[in-house]
Amino acid sequence: MSKVKVAILGSGNIGTDLMIKLGRSEVLELTAVIGIDPESDGLRRAKESGYAAIDTGIDGFLERPELADIVFDATSAKAHVRHAKLLKEAGKKVIDMTPAARGVLVVPPVNMNENLEAENINLITCGGQATIPMVHAVNRVSPVEYAEIVATISSRSAGPGTRANIDEFTQTTARAIEEVGGAAKGKAIIILNPAEPPILMRDTVHVLVKEGTLDEAKISQSLKEMEKAVQSYVPGYRLRTEPMFDGNKVTIFIEVEGAGDYLPTYSGNLDIMTAAGVKVAEEFAKNELAKQLV
């Protein structure tokens, strides 16, 4: 089968984990990893794996644009503002792993298929990828008037990019809870837990539905169906308990265990982002390859 060529911009934790996952893809061919630190572990691994290891940042990639049709941006929200413009001018499709939100906000099991033609797809945040599917699952049964999510991740799994983007995390996730999840109003909170040994990623979703519309049985079934949908690309994703119902309030508890491809399995926050990125890119590639067969 033909493959669509992809490159990774950013050689930190997310970029390196992406590199490992992309190596297993049947429809994506990773060609290059791009960074700015020649001594980074990501670029070292890229060289050892036979990929082009570009250490002059996006400018170095733009000197060899034929390397890839899709570029994953795993840098930072601030950097992506510049990258988005340059990659658009170069005619590249972008999957943005930062909370810059310059492109279409996408959560794979919610709105991926209708956005495969978008030039720039934004994957929101780890908290958004973990919780928005559940907000949507409730909303498709009972209209959600308010949704609040609390994402708790191990401090060890939060790299410098995550720490620098805390404000963007809360703002972009809240916006996506509304635009993608369907809530009339959304709020997001992130907690970096310093516990040792490190904890798994855990998320709590508080939802208020329209008075008189709550259907416990249908909501519970919808949540279970969504859990399976996310597990199809993030096997370590799971509901920790049955949902709790109190009047028109629904509380949902989620846990995300990472695959352990790069960082240990407590880094579910890293894993759910990279797995979502690969999922979207693969669906885009299948869509493009299908067009070529027509």
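Colleague: Which element gives the most to the lining of the second largest pocket?

Modeller: First the general idea. Rolling a probe the size of a water molecule over the atoms shows where empty space is left. Here a 1 Å grid is laid over the protein atoms alone; a pocket is an open set of points with protein on both sides within 12 Å along at least five of seven lines, a cavity is a set where a 1.4 Å probe fits but cannot get out, and lining residues have an atom within 4 Å of a point. Now the case: α10 gives the most to the lining of the second largest pocket, with six residues. Helices are DSSP runs of H or I with at least four residues, strands are runs of E with at least two, and both are numbered from the N terminus.

Colleague: What model and numbering am I reading?

Modeller: This is a predicted model, where local features need pLDDT of at least 70 and side-chain atom pairs count only at pLDDT 80 or more, while totals for chains, interfaces and linings use all residues. Residues are numbered from 1 along each chain as its sequence is written, and side-chain values use heavy atoms, with hydrogens and water left out.

Colleague: What else describes the second largest pocket?

Modeller: Its volume is about 250 Å³. A volume is the space filled by probe spheres set on the points, with grid points joined across faces, edges and corners. The lining has 15 residues, and Lys21, Arg24, Tyr233, Val278 and Glu282 lie nearest the centre. By class there are six nonpolar, one polar and eight charged residues. Ala, Val, Leu, Ile, Met, Phe, Trp, Tyr, Cys and Pro count as nonpolar, Asp, Glu, Lys and Arg as charged, and the others, Gly among them, as polar.

Colleague: How many residues line the largest pocket?

Modeller: The largest pocket is lined by 36 residues, with Ile14, Ala74, Thr75, Gly161 and Thr162 nearest its centre. Elements giving two or more residues are α1 (13–22), α3 (57–62), α4 (77–89), α7 (160–164) and α10 (268–293). The space is about 780 Å³. Its lining splits into 15 nonpolar, 18 polar and three charged residues.

Colleague: Which domains supply the lining of the largest pocket?

Modeller: At least three residues come from each of domain 1 (4–123 + 272–293) and domain 2 (126–266). The second largest pocket also draws at least three from each of domain 1 and domain 2. The bounds come from an automatic or database domain assignment.

Colleague: How do I read the interface between domain 1 and domain 2?

Modeller: The size of an interface is often given as the accessible area lost when the parts come together. Between domain 1 and domain 2, about 2200 Å² is buried, and carbon and sulfur atoms give 68% of that. The area is taken with a 1.4 Å probe and summed over both parts. 26 residues of domain 1 contact 27 residues of domain 2, where contact means heavy atoms within 4.5 Å. The domain centres, taken over C-alpha atoms, are 24 Å apart.

Colleague: Where should I check the backbone?

Modeller: Glutamate 196 and proline 197 are joined by a cis peptide bond, with omega about 0°. Proline 197 sits in the loop between β9 (186–193) and β10 (201–209). Alanine 101 is not a glycine, yet has a positive phi of about 55°. Alanine 101 lies in the loop between β5 (93–96) and β6 (104–105).

Methods. Buried area = accessible area lost by both parts, 1.4 Å probe.
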